[in-house]
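Subject: Handing over the structure

Hi,

Here is the structure I promised to pass on to you.

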Amino acid sequence: MNFANVRMVLVGTTHPGNIGAAARAMKNMGLRRLVLVSPLLFPHAEATARAAGADDVLAAAQVVDSLERALSGCRLVLGISARRRGIAGPELDPRQCAVQVAGHSLQTEVALVFGRESSGLNNDEMDRCHFLVRIPTEPEFGSLNLAVAVAIIAYELRLAALAGIDSGMAAPRRPPATAEEMAYFYEHLQQVLLATGFLNPANPRQLMRRLRRLFNRAQPDQNEVNILRGILASIQEYRSRH
Ligand code: SAH
């Protein structure tokens with residue numbers, strides 16, 4: 001486990017107190033990298049008050065205006081969500097999540113993405129995640145306070161770090177492509193599928209979401225993504241010649 005490569009990403013947080021409480025829990029567990037995507041109110045006195053001494057984590061927090069920016073350079077992205085989705089990546093519990101983070105963080109940047117207090121993460125945001133992580137709460141009352149969810153995940157990461165979960169674990173031989181490389185690939189794929197008519201904008205039937213799920217599950221490395229993009233480019237070239 002290398003916490004220096006692990007970032008906690010909070011998307012669209014409404015209550016600044018939750019940001020402070022999340023920062024506190026992170027620091028308690030040894031995590032320091034906080035990224036805030038379009039927080040409603042930040043910096044804010046309530047955040048500082050609830051951070052209770054973790055103001056250094058708050059001061060170092062990076063504020064960005066899109067999830068894409070927040071995921072810059074990440075090769076493993078985990079979406080932390082209370083809800084099961086129709087089309088989502090494979091589901092992990094927090095302990096399995098910590099094992100993934102332990103292995104990948106040795107070599108590459110990892111992001112754990114938390115949703116809004118009101119509505120969690122939307123489909124587009126979940127589609128950027130390799131895995132969905134659900135804390136196994138009671139189904140009929142499953143939604144935790146945001147900072148509590150951050151604390152539970154951070155605690156599992158700490159347990160894994162203390163247990164030396166990654167010792168002897170082979171780091172991925174070729175790290176998966178970055179979030180940016182995958183975003184360019186999906187854009188390219190969509191362009192080609194629109195051009196060939198396979199993707200009908202009038203009736204998209206979740207095709208792109210299903211394809212994202214398929215490729216995210218495979219976690220292709222950079223070389224493999226280049227091959228896929230080469231195939232797409234060859235289709236474009238073929239079409240322009242015929
Ligand atoms: N009403 C929202 C709940 C948001 S709670 C919804 O239905 O999605 C705010 C955030 O806390 C969530 O987006 C998620 O990141 C985290 N969270 C809350 N409960 C969770 C649970 N049981 N498992 C995983 N994450 C949870």
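D127 and R209 form a salt bridge, with 2.9 Å between their closest N and O atoms. Please keep in mind as you read on that this is a predicted model.

The rule finds one salt bridge across the interface of domain 1 and domain 2. It also finds six residue pairs in polar contact across this interface, with both residues at pLDDT 80 or more.

On the side of domain 1 that touches domain 2, strand β4 (residues 74–80) supplies the largest share, namely three residues. By type, the residues on this side of domain 1 comprise eight nonpolar, seven polar and four charged ones. In total, 19 residues of domain 1 are in contact with twelve residues of domain 2.

How much area do domain 1 and domain 2 bury between them? The value is about 1300 Å², and 46% of it is on carbon and sulfur atoms.

Next, the ligand. It is surrounded by 20 residues, of which I80, G115, I135, G142 and L144 are the closest. For I135, a backbone N or O atom is 2.9 Å from a nitrogen atom of the ligand. For G142, a backbone N or O atom is 3.0 Å from a nitrogen atom of the ligand. R83 takes part through its side chain, where an N or O atom is 3.1 Å from an oxygen atom of the ligand.

Where does G120 lie? You will find G120 in the loop between β6 (109–114) and α6 (123–126). If neighbours within four places in sequence are left aside, G120 is in contact with R83, G115 and E125. G120 and L146 are 26 residues apart in sequence, and their C-alpha atoms are 9.3 Å apart in space.

Happy exploring, and do write back with any questions.

Best wishes

How values were computed. Residues are numbered from 1 along each chain as its sequence is written. This is a predicted model: local features need pLDDT of at least 70, side-chain atom pairs count only at pLDDT 80 or more; totals for chains, interfaces and linings use all residues. Side-chain values use heavy atoms; hydrogens and water are left out. Contact means heavy atoms within 4.5 Å. Buried area is the accessible area (1.4 Å probe) that two parts lose on being put together, summed over both. A salt bridge is a side-chain nitrogen of Lys or Arg within 4 Å of a carboxyl oxygen of Asp or Glu. A polar contact is a pair of N or O atoms within 3.5 Å; within protein, one must be able to donate a hydrogen and the other to accept it, and residues adjacent in sequence count only if both atoms are side-chain atoms. Helices (H or I, at least four residues) and strands (E, at least two) are DSSP runs, numbered from the N terminus. Ala, Val, Leu, Ile, Met, Phe, Trp, Tyr, Cys and Pro count as nonpolar, Asp, Glu, Lys and Arg as charged, and the others, Gly among them, as polar. A residue is near a molecule or strand if one of its heavy atoms lies within 4 Å of it.
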